[in-house]
Amino acid sequence: MKSGMSRDKGTFVIKILNKQNSTWQGTVTWVEEQRTQNFRSALELLKMIDCAIEECGNTEELTEK
């Protein structure tokens, strides 16, 4: 870990609603920001979480519900 980096980036609640085509579908909620977004695959879920903690401003991931 780089010096000066905070470990507390966020808390995410993941609800797996279905498993289809060998991957998960469900919702992810970013607790601190009170935002929820549906995801269609495990890869999409990971990208959403990565974008949220990196504070990507150019996507609609984890939009308010």
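Analyst: Two strands are taken to pair if DSSP finds at least two bridges between them, and the strands themselves (E, at least two residues), like the helices (H or I, at least four), are DSSP runs numbered from the N terminus. The model is a predicted one, in which local features need pLDDT of at least 70 and side-chain atom pairs count only at pLDDT 80 or more, while totals for chains, interfaces and linings use all residues. Residues are numbered from 1 along each chain as its sequence is written, and side-chain values use heavy atoms, with hydrogens and water left out.

On these terms, three strands form an open sheet in the order 1-2-3, with antiparallel pairing. Strand 1 and strand 3 stand at the edges, and because each has a single partner strand, one side of each is left without a neighbour in the sheet. From one strand to the next the twist averages 15 degrees, where axes are lines fitted to C-alpha atoms, for helices over the stretch in contact, and angles run from 0 to 180 degrees between N-to-C directions. Strand 2 and strand 3 are joined in the antiparallel sense over five bridges, and V28 stands opposite Q37 in strand 3. Helix 1, residues 42-54, packs on the sheet and touches strand 1, strand 2 and strand 3, its direction making about 20 degrees with that of strand 2; contact here means heavy atoms within 4.5 Å.

The search for aromatic pairs, in which rings of Phe, Tyr and Trp (its six-membered ring) pair if their centres lie within 6.5 Å, and planes under 30 degrees apart count as stacked, over 60 as edge-to-face and the rest as tilted, gives a count of one. The ring centres of F12 and W30 are 5.9 Å apart and their planes stand at 25 degrees, so the pair is stacked. Since F12 belongs to strand 1 and W30 to strand 2, the pair ties together parts that are 18 residues apart in sequence. Both F12 and W30 are buried, which means under 20% relative accessible area, as against exposed at over 50% and partly exposed in between (1.4 Å probe, protein chains only).

The loops between the strands complete the view. N21, in the loop between strand 1 (12-20) and strand 2 (23-30), has a positive phi near 55 degrees without being a glycine, and N21 is exposed at a relative accessible area of 70%. Q34, in the loop between strand 2 and strand 3 (35-39), likewise is not a glycine and has a positive phi of about 50 degrees; Q34 is exposed, at 67% relative accessibility.
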